[in-house]
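Hi,

Here's the structure I said I'd pass on. Have a look at it first, then read on for what turned up.

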Amino acid sequence: HRRFSLKSFVSTDLAVTAPAGRFAQWAHTLAREDVPIRALDFWTGSDARTPVSTAWHAILGMERWLSGSRALRVEGYFKHYPSLVEQNPYSDPSVPGDEFTKLRGHSLGADVMLRQFERGEGRWSGWLAYSLAWSRRMDETGRRFVPAQDRRHELNVVASRKGARYQLSARFNLATGTPYTMIVGAFHPRRYNPANHRFEFEEDGVRFLTGPRNGERLPLATRLDLSATRLGSVGGVSVSPFLSIMNVYNARNPFAYAFNYGDAPPTRYGIPQFPVFPTLGVSLSW
């Protein structure tokens, strides 16, 4: 990759940054990014039939100290992808080189972070971060769609208070839904049997009919995580037991939908992310 970065100090408390670069990736996954559940990812490298993925990045940012312990960062970015590849779902095992199809696209957005640094015992620290983003792709046929990781808005609020013996932390996340492809119908295929001159149902199950690729979005998701740490030391070694609770109020944020066409009418149900998830542990450092 090639990269260029410029940082100019307008004053002692204000800086402007302008990095840009061209990046390349030779490794490609054989799994489609639209599949929400992937137990394993298989990777392959670029060759004469599979091009190298490339991207151009351009970022313009501003960093400003608002006080001795508080800073603000604002960045806008644009990314152009002239060469991307993804798994070809209609690949023929007998035809080498058709494992991938070519894509191109772009992404743009902005990030804002207001950060409070820790100053002394018993003071609060943390940050407020917001991201706004758009992402688009276009395949070889000219069809446009949004990729599975396109998320329009995301807000993170993180706070921490450190005392002489305890440290308390909290994180709240709010995010709009990512795209998914709606299943609009299902059918049992039949095949003609020349032995008895009848159409018979195939044994390998149901075929699904889908709507536009990534034409729907998951609902708004929220989550609160809390943690408490007991600070201490034994023989010069820092020993800090902690309790962490993820998804404190058990928000059932779906990351995918499943459809049951055995019901009449068919039903849809969400597959939720992790429920309330407590963790106990000890952190050691020396």
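Which residues does tyrosine 81 touch, leaving out those up to four places away in sequence? Keep in mind that this is a predicted model. The list for tyrosine 81 is Thr54, Ala55, Arg104, Gly105, His106, Ser107 and Arg137. Tyr81 also belongs to the largest nonpolar core, which has five residues: the others are Ala55, Leu84, Leu103 and Phe145.

Now for the surface. Leu66, Leu114, Leu128 and Val157 make up a nonpolar patch there, and together they have about 300 Å² of accessible area. Leucine 128 sits in strand S10, residues 124-139.

Next, find proline 189, in the loop between strand S15 (183-187) and strand S16 (190-193). Proline 189 counts as buried because its relative accessibility is 10%, and the cut-off for buried is under 20%. Not counting residues up to four places away in sequence, proline 189 touches Glu200, Phe201, Glu202, Gly205 and Arg207. If you want to see how far proline 189 is from serine 107, go C-alpha to C-alpha: they are 40 Å apart in space and 82 residues apart in sequence.

Arginine 191 stands opposite glutamate 200 in S17. The two strands, S16 and S17, form a hairpin with four residues between them, and histidine 197 in the turn has a positive phi of about 60°.

S21 and S22 run antiparallel and are joined by two bridges, with serine 233 opposite serine 238 in S22. Where is glycine 236? Glycine 236 is in the loop between strand S21 (233-234) and strand S22 (237-246). Glycine 236 counts as exposed because its relative accessible area is 70%. The C-alpha atom of glycine 236 is 7.1 Å from that of tryptophan 286, although the two are 50 residues apart along the chain.

Finally, follow S22 to its other partners. Strand S20 (residues 221-230) runs antiparallel to S22, with four bridges joining them, and S22 pairs with strand S25 (residues 277-285) in the antiparallel sense over nine bridges.

Cheers

Notes: Residues numbered from 1 in each chain as written. Predicted model: local features only at pLDDT ≥ 70, side-chain atom pairs only at ≥ 80, totals over all residues. Heavy atoms only, no water. Core = buried A, V, L, I, M, F, W, Y, C linked by side-chain atoms within 4.5 Å. Buried < 20%, exposed > 50% of the residue type's maximum accessible area, 1.4 Å probe, protein only. Contact = heavy atoms within 4.5 Å. Patch = residues over 30% accessible without salt bridge, like charges linked within 9 Å, V, L, I, M, F, W, Y side chains within 5 Å. Areas by Shrake-Rupley, 256 points an atom, 1.4 Å probe, with all protein chains shown as cover. Salt bridge = Lys/Arg side-chain N within 4 Å of Asp/Glu carboxyl O. Pairing = 2+ DSSP bridges.
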